[in-house]
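Here's a quick briefing for anyone meeting this structure for the first time. Have a look at the sequence and the model, then read on.

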Amino acid sequence: MKTWQSGLNLLAMAVLLSSGAQMHAQQQAAAEERITVDASARTTPFPHFWEQTFGSGRAILSLRESYRQDLKQVKDATNFDSIRFHGILMDEIGLYDPDRMTRNPGLEAQKANDASVYNFSYVDQIYDGLLDRGVRPYIELSFMPRKLAADPNITQSFFYRPSVSPPQDYAKWDAMITAFGQHLVDRYGLDEVAHWNFEVWNEPNLDFWGGDPKQATYWQLYDHTARALKTVSPRLRVGGPATAQAAWVPDFIRHVHDNNVPVDFVSTHVYANDTAKDVFGTNESIPRSTMIYRSVKKVHDQITASPMPHLPLIFSEYGASYANEPNVTDSPYMGPWLANTIRQCDGIVQNLAYWSFSDVFEEQGVVRTPFYGGFGIIAADDIPKPSFHAFTLLHKLGTQRIAVKSDNALATTSSDGTLTLALWNYAPPGGEGATYTASTAPAGPDRTYDVQLEHVAKDAAVQVWRVDPTHGNALAAFDRMGRPSGSLTREQIKTLKDAAALSAPESSALQNGHMRLTVPAYGLVIVTLQRR
């Protein structure tokens, strides 16, 4: 009996050891990937659709020096074209002010000497500030001036409480939109303004629009706005519906088509933590790593199947989270997430506009600390996040894509013959929600890439750029500081900026057209190969 039982135990141990070895081998195999890149292979166009437009805090913030510093930094890194923000029509901009009165201390209000309905002073300062820095406006027409609102008490919950009421009088709304468009053409010239996008409102399917019923009243707003802009010039570009959760697009296209309403593009929004129920009407669980792609593909296919199948598609907001999640938007998680999203969405969207470029931002109130999970790629106090470096490195990709058999890589070429590879190691976020979860271990195993390069010069100069938990990651330095709350000292800010600096590239060389690279979890690597 004992001999039989002992033999059984030995057999069981052998099975366990064997399965453990097998599991270890599988883990090792999963952590290594062989990739072949043929530099002479057929390529497809690879326009940089992910760096055309960025979102930002509301319009008035663009007058701040901190905003303009961050704008220049992102422009220098990505050469992006345009910026989108809420609130160009809000009262704080002063555009619409009929029956304006002058109020001096101790005196009764008097009718102003200049009692014109419109005042474009701040509008001009805002748009001049963008254009002087090489950035065009992507004009979101929002929100409602209170003197024009049907019900000024209908407001949205943001810190600055925008009025989201429909207009009390569409004749006055039309006149304001026409005057606004005409002023822009007169100041900047039609050839310039014809490059700009005019988007009607923001997320009318949520609490940003107080019309009832939402869709029918939004159609009315869109129709009036589009037609008013086209009276200025048919060359002005107008679109919508700028919905959240990739909603309403088939209905919107059907409406403008059937009613002969002008439209030049379709726009909508999605975030990687939106639910499948809200976006697709299903109960499935869709991970952050694929939600953007799934949503973009849905809308792309809806446009293709519509009566207007050639309308350009703009996702004028997207991101890894619609909420403040420091383990997501502040962390190096963003590098692989962004690269993988670009890989998936190539060819099915014309403009993927990341929300947002800077944490000069006040939707939840005045910022108190640099790393609270803000949407920007530059934190408060002008501290670059890993996401900023991810955009910087991905800008190095070429404009022609070479197909590679990998879900973790991109290969491109440029007109000067440079071959550029992006390699990454995706792992889920180390925490979710507003409360930060400190990292106690790597997010996952390293991934080693065995790359074979064909038809590449043997003496090609190889440079390797990295952003990961130990490269270009100010969040780790903030953790080491004990995550101080409130305003930082100048010395602390300098320490964080030093930690955030992107490391110089590593120089390497090919061995018979071959190279090996190891990428940690949350790591993004860009490799450039140039003829010497």
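Is Arg294 buried, exposed or partly exposed? Arg294 is partly exposed, because its relative accessible area is 29%, and the cut-offs are under 20% for buried, over 50% for exposed and in between for partly exposed (1.4 Å probe, protein chains only).

Before the details, some ground rules. This is a predicted model, where local features need pLDDT of at least 70 and side-chain atom pairs count only at pLDDT 80 or more, while totals for chains, interfaces and linings use all residues. Residues are numbered from 1 along each chain as its sequence is written, and side-chain values use heavy atoms, with hydrogens and water left out.

- Arg294 sits in helix H9, residues 288-304; helices (H or I, at least four residues) and strands (E, at least two) are DSSP runs, numbered from the N terminus.
- Setting aside neighbours within four places in sequence, Arg294 is in contact with Phe280, Glu284 and Ile286, where contact means heavy atoms within 4.5 Å.
- Between the C-alpha atoms of Arg294 and Ile177 there are 35 Å, and the two residues are 117 residues apart along the chain.
- Thr528 belongs to strand S22, residues 523-530, and counts as buried at 10% relative accessibility.
- With neighbours within four places in sequence left aside, Thr528 touches Thr418, Leu419, Thr420, Ala461, Val462, Gln463 and Trp465.

**Helices packing on helix H6**

- Helix H4 (residues 170-188) and H6 cross at roughly 40°, and their axes come within 8 Å; axes are lines fitted to C-alpha atoms, for helices over the stretch in contact, and angles run from 0 to 180 degrees between N-to-C directions.
- H4 and H6 are therefore oblique to each other, a label for what is left once you take out angles under 35 degrees (roughly parallel), over 145 (roughly antiparallel) and 65 to 115 (roughly perpendicular).
- H4 passes H6 in a right-handed crossing, and that term applies if the near helix is turned clockwise from the far one by less than a right angle, with anticlockwise being left-handed.
- On the H4 side the contact includes Tyr170, Trp173 and Ile177, and on the H6 side it includes Leu221, His224 and Val232.
- Sort the residues of the H4 contact with H6 and you get eight nonpolar, eight polar and one charged; Ala, Val, Leu, Ile, Met, Phe, Trp, Tyr, Cys and Pro count as nonpolar, Asp, Glu, Lys and Arg as charged, and the others, Gly among them, as polar.
- H6 (residues 214-232) also packs with helix H7 (residues 249-258), at an angle of about 50° and with axes 11 Å apart.
- The crossing of H6 and H7 is right-handed.
- Gln215, Trp219, Tyr222 and Asp223 of H6 meet Asp251, Phe252, His255 and Val256 of H7, a set that divides into four nonpolar, two polar and two charged.

**The three-strand sheet**

- Strands in the order S1-S18-S21 make up an open sheet of three, with mixed pairing; two strands pair if DSSP finds at least two bridges between them.
- S1 (32-38) and S21 (514-519) stand at the edges with a single partner strand each, so one side of each has no neighbour in the sheet.
- From one strand to the next, the twist averages 20°.
- S1 and S18 run parallel and are joined by seven bridges, with Asp38 partnered by Glu454 in S18.
- S18 (residues 447-454) and S21 run antiparallel, joined by six bridges, and Tyr449 has Leu517 of S21 as its bridge partner.
- S1 has a covered face of Glu33, Ile35 and Val37, while Glu32, Arg34, Thr36 and Asp38 make up its uncovered face.
- In a regular strand, side chains alternate between the two faces of the sheet.

**The seven-strand sheet**

- This open sheet has the order S2-S15-S16-S17-S22-S19-S20, with antiparallel pairing.
- Its edges are S2 (43-45) and S20 (506-508), each with a single partner strand, so one side of each is left without a neighbour in the sheet.
- Five bridges link S16 (residues 409-413) and S17 (residues 419-425) in the antiparallel sense, and Thr413 is partnered by Leu419 in S17.
- Helix H11 (residues 334-345) lies across S15 (400-402), S16, S17 and S22, running at about 120° to S17.
- Helix H12 (residues 386-394) packs on the sheet too, touching S17, S19 (461-467) and S22, and its direction makes about 155° with that of S19.
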